[in-house]
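Good morning, and thank you for the time on the agenda.

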Amino acid sequence: MKTLIFFVDAVRSDYITRHNTPFLHKLKSENYYSELGTMLGYSAGIHPSIWTSKYQEDHGKFLVYSFEEDKSPFKWMRWLMYVPSIIRRVGISGLKFPFYASKYKNLFPEWYKQKILPVPASVDPKQAGYFNYNQSLDYDPTFFTILKENKVSMFSCATGTHPLYGEGIKIEDWAVSDNVVDHFFVYETDPVGHYNGPTSKEIHDIMARLDTKISAMYEEARKKFGDVNLFIFSDHGMVEVKGSVNVKEVVDKLSLKPVKDYLVFYDSTMVRFKVKDNTIKQQIIDAVSQIENVNHLDDTLQEKYKIRFDDDKWGNLMFLVDPGFRVFPDYFAPVKFNTKGMHGYWPDHKDSLGVLLCNRDLKGDNPSVIDLMPTMLEAIGLKDKIPKDIAGKSLF
Ligand SMILES: [Zn+2]
């Protein structure tokens, strides 16, 4: 059956209001609506969980940067250790700026996208050659591969060109296609939520544009196809940032040597180590656990959040900061600019949750991102093609 899917990055429930997003608000009050459970981590692991209906420890994807020396594209950064830190950090960010300013308009050659864009601007050049950039999209089977196998036609695009979701088309230019499934991925709600904040006018402006467009497309599709499935969901929410924690300062003071004793990656809300032995591990746990608003992700927590991986490419010691805090210095921000929103905290925190709206009579309390794939396949008419080994369940 004709199905419209709108995947909107980083939308939380209070983005939908009666005055700003009247269509979504009406859909929410009259049809199926729920906050949507998410995963610990970021899009790099959550998107594969959406499309495979598996936990991160089962499909193996988690974060953008891994500890994989043999695959590192950053070995060339070693010589940058002789460049003063501030010049290095600001310089690398400056190289990326024109790309982001042009909003993914395909003006840049492939080597630039592969060499320059993935570089974490503030990474330690001595350690950079031990990190790999993981944005591979080689997970299978997914919602998309199942459609393809069953010859269900699909159109997909994104607001900025995306390797999995298709070419960049702005919201106002979207149109209903003749295919069975139309999938639209809205990216900019994420960066705007980070820079302007989850309660900003800018967020509400995008939501209003989106509301008008979805409403018009739904009407158009119903005229053309009769009955239509409509799914609108997000991968996670957005939390207002109120402070930062300096883990690096504490780690640097330990009588340990980076590279020789440990490797460390400072993510935006996590700090991950790959340590040589248990004595070093305990020394780091003792010191870092003392810092306020920092939590050790021990075995019990890793089990709870389904992030017990077979190998230690994501690190063998992880910490997570409390909601509302960011790690600074991290490996990304060249200077401490004003980040107003962040995600990647405890997935059960109220502002971490995403949303799911559907015009179908769905059931099921506490739905999660892993339930989307089987639910949408059933809505399309592929109930018997839902893989047996998935972690999610259909919400029908
Ligand atoms: Zn984000």
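I shall speak about strand pairing, then backbone geometry, then helix packing.

First, the conventions. The model is predicted, so local features need pLDDT of at least 70 and side-chain atom pairs count only at pLDDT 80 or more, while totals for chains, interfaces and linings use all residues. Residues are numbered from 1 along each chain as its sequence is written. Helices (H or I, at least four residues) and strands (E, at least two) are DSSP runs, numbered from the N terminus.

Let us begin with strand β1, residues 3-8. Six of its six residues are buried, where buried means that 20 or more other C-beta atoms lie within 10 Å of the residue's own, exposed means 12 or fewer, and partly exposed lies in between, with C-beta atoms placed from the backbone. In a regular strand the side chains alternate between the two faces of the sheet. In β1, T3, I5 and F7 lie on one side and L4, F6 and V8 on the other, and both faces are covered.

Which strands pair with β1? Pairing requires that DSSP finds at least two bridges between two strands. Strand β6, residues 181-186, pairs with β1 in the parallel sense over six bridges, and F6 stands opposite F184 there. Strand β7, residues 229-233, also runs parallel to β1, joined by five bridges; here F7 stands opposite F233.

Next, the backbone. A10, in the loop between β1 and α1 (22-30), has a positive phi near 55° without being a glycine. A10 counts as buried because it has 25 C-beta neighbours inside 10 Å. N293, in the loop between α11 (278-288) and β12 (294-296), likewise has a positive phi, of about 70°, and is not a glycine. With 13 C-beta neighbours inside 10 Å, N293 is therefore partly exposed. The peptide bond from F328 to P329 is cis, with omega near 0°, and P329 is found in the loop between β14 (325-327) and β15 (341-342).

Finally, the helices. Helix α1 packs against helix α9, residues 201-225, at an angle of about 65°, with the axes 7 Å apart. Axes are lines fitted to C-alpha atoms over the stretch in contact, and angles run from 0 to 180 degrees between N-to-C directions. α1 and α9 are therefore roughly perpendicular, a term for angles of 65 to 115 degrees. P22, F23 and L24 of α1 meet D211, I214 and S215 of α9, contact being C-beta atoms, placed from the backbone, within 7 Å.

Terms used. Parallel < 35°, antiparallel > 145°, perpendicular 65-115°, else oblique. Contact = placed C-beta atoms within 7 Å.
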